[in-house]
Amino acid sequence: MPVEGGGSSGSASAARHPKQKRKAHSLSIRRTNSTEDRPLGILRGDMLEGQDSKLPLAVRNNLLDLFGQIEREFENLYIENLELRREIDSLNERLTGDGQAIEGGDPTKGVLKAKASHSTSQLSQKLKTTYKASTSKIVSSFKATTGSRALCQLLKEYVGHRDGIWDLSVTRTQPVVLGTASADHSALLWSIETGKCLLRYAGHAGSVNSIKFHPTEQMALTASGDQTAHIWRYMVQLPAPQPPPDVSAPCDEDQDSSDREEGEVDGDGPTEVPTVRVATATVKSHQGVVIAADWLVGGRQVVTASWDRAANLYEVETSELVHTLTGHDQELTHCCTHPTQRLVVTSSRDTTFRLWDFRDPSIHSVNVFQGHTDTVTSAVFTVGDNVVSGSDDRTVKVWDLKNMRSPIATIRTDSAVNRISVSANQRIIALPHDNRQVRLFDMSGVRLARLPRSNRMGHRRMVCCTAWNEENQACNLFTCGFDRQAIGWNINIPALLQEK
């Protein structure tokens with residue numbers, strides 16, 4: 001998590017609650033077939049010889065490559081399965097021997113049985129994980145070749161921050177620009193088309209943890225580790241657009257580069273950029289890090305969420321504190337407002353998120369959602385009557401505001417989920433993960449795609465946040481991470497939905 005006054009990458013990283021690093025487990029099995037050393041073209045010729053098919057040769061060769069990959073995956077899985085079974089049999093034999101040795105009521109018998117049960121459980125879980133990982137890899141191989149109609153094209157990389165980027169947002173007024181909030185104590189505004197930094201806000205004395213734009217005016221709201229939230233005005237002029245980059249890849253590309261896992265983007269940041277150093281208004285009544293802030297509908301009030309376990313509601317014009325929202329048992333992690341109604345949702349490390357209703361001025365009701373088993377990292381509204389919550393328990397849940405007893409959909413993933421976002425038009429959920437992946441799901445929990453990540457594109461460290469932009473019939477998704485960069489993607493939504 002962002003820290004109060006965190007200025008360096010090391011300090012900002014240390015402040016985030018520790019999470020285990022998970023690396024993909026892979027096996028390298030040497031094939032002993034006599035055809036191993038034969039050229040691939042000869043193998044294909046042998047298999048195709050004498051077959052009558054109207055498929056083009058290139059297509060047939062591609063199919064053979066795919067089936068070869070599937071064969072290798074299943075071979076690896078079969079060999080590891082045999083090894084696990086031998087481990088289980090060996091453990092069972094040891095347990096049987098121990099049980100005979102302690103006949104006669106030895107008081108340690110219960111302890112041995114408990115250890116044996118725990119070990120067996122671990123082996124069983126490892127076996128399940130192996131099956132799941134191998135199956136997922138095979139499915140990903142199919143999607144990588146059949147996704148030509150469902151491209152996730154890299155739009156632009158936005159490089160200039162000196163520390164990790166916690167949050168990003170897109171303006172809701174013209175000109176449309178991208179805003180990023182970083183642990184380097186600054187917020188930057190970017191040209192989406194060219195990737196050029198247009199303006200820097202340097203008014204905070206701590207890590208900038210979130211950024212949100214006013215619904216109708218050229219104003220930004222930033223929350224910081226210096227225990228304040230700032231409202232500041234900006235004026236930018238967009239540069240001339242450049243030709244789009246010729247970099248594209250099908251969704252679900254699964255190439256990786258382990259030697260760059262901890263790599264960071266080079267660069268000392270943009271130079272000679274106009275800088276704003278003084279806020280138009282400052283709200284400061286929290287006793288801890290302000291982790292997030294957002295505008296209420298209409299833009300006349302803002303809400304802030306803090307590590308002091310409270311959320312505050314302020315008047316923008318006077319910076320006056322209107323309400324203090326208490327009830328969470330631990331630090332808050334995020335807050336979000338409804339796009340058309342006076343509703344606020346706050347999430348917390350106490351495994352819950354709360355819905356605050358300000359539609360009736362005389363009654364401020366609150367509802368508590370209890371569906372996660374670990375920190376709720378974010379909860380966001382959709383255009384309709386839904387809330388989507390993400391958690392460190394590796395799940396995302398979709399809730400109906402009219403029936404809040406249980407989620408209407410649950411998405412289970414293999415890594416902790418950070419600040420999620422939902423596209424307004426198609427209602428597609430973008431999940432940023434600790435394991436550097438970004439996945440797309442629909443509201444019913446069906447997985448649509450995984451953004452490409454390889455040696456030449458994608459994040460190299462934890463992905464912190466996602467944000468959508470659906471202006472001018474284009475659908476762009478923006479992601480940011482602790483590798484100091486933000487990335488823009490062009491998402492072919494119709495093709496994704498057709499693939500589903």
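Predicted model: local features only at pLDDT ≥ 70, side-chain atom pairs only at ≥ 80, totals over all residues.

Visitor: How many helices and strands does the chain have?
Guide: The chain has five helices and 30 strands. These elements are DSSP runs numbered from the N terminus: helices are H or I with at least four residues, and strands are E with at least two.

Visitor: What share of the residues is buried?
Guide: Of the 500 residues in the chain, 49% are buried, meaning under 20% relative accessible area with a 1.4 Å probe, protein chains only. The chain exposes about 24300 Å², and carbon and sulfur atoms supply 49% of that area; the areas come from the Shrake-Rupley method with a 1.4 Å probe.

Visitor: And what share of the contacts joins residues at least 24 apart?
Guide: Among contacts between residues at least 6 apart in sequence, 56% join residues at least 24 apart. A contact here means heavy atoms within 4.5 Å.

Visitor: Let us turn to histidine 214. Where is it placed?
Guide: Histidine 214 is in the loop between β6 (208-213) and β7 (219-224).

Visitor: Why does histidine 214 count as buried?
Guide: Histidine 214 counts as buried because its relative accessibility is 3%.

Visitor: Which residues does histidine 214 contact?
Guide: Apart from neighbours within four places in sequence, histidine 214 is in contact with Arg172, Thr173, Met219, Trp295, Gly298 and Gly299. The side chain of histidine 214 has a polar atom 3.3 Å from the backbone oxygen of glycine 299. That side chain also reaches the backbone nitrogen of glutamate 217 at 3.1 Å.

Visitor: What joins β7 to β8?
Guide: β7 and β8 run antiparallel and are joined by five bridges; two strands pair if DSSP finds at least two bridges between them. Alanine 220 stands opposite tryptophan 232 in β8. The two strands form a hairpin with four residues between them, and glutamine 227 in the turn has a positive phi of about 70°.

Visitor: Is β8 enclosed or open, and what else pairs with β8?
Guide: Four of the five residues of β8 are buried, so this strand is largely enclosed by the rest of the structure. β8 also pairs with strand β11 (residues 281-283) in the antiparallel sense over three bridges, and alanine 229 stands opposite valine 283 in β11.

Visitor: What about threonine 228: buried or exposed?
Guide: Threonine 228 lies in the loop between β7 and β8 (229-233) and is buried, with a relative accessible area of 10%. Its side chain and that of aspartate 226 are joined by a polar contact of 2.7 Å.

Visitor: Finally, which strands make up the open sheet of four?
Guide: The open sheet has the order β20-β21-β22-β23, with antiparallel pairing. Its edge strands are β20 (376-381) and β23 (409-412), each of which pairs on one side only. The twist averages 15° from one strand to the next.

Visitor: How many bridges pair β22 with β23?
Guide: Strand β22 (residues 395-400) pairs with β23 over four bridges, and valine 396 stands opposite isoleucine 411 in β23.

Technical notes
Residues numbered from 1 in each chain as written. Heavy atoms only, no water. Buried < 20%, exposed > 50% of the residue type's maximum accessible area, 1.4 Å probe, protein only. Polar contact = N/O pair within 3.5 Å; in protein donor to acceptor, adjacent residues only side chain to side chain. Axes fitted to C-alpha atoms, helices over the stretch in contact; angles between N-to-C directions.
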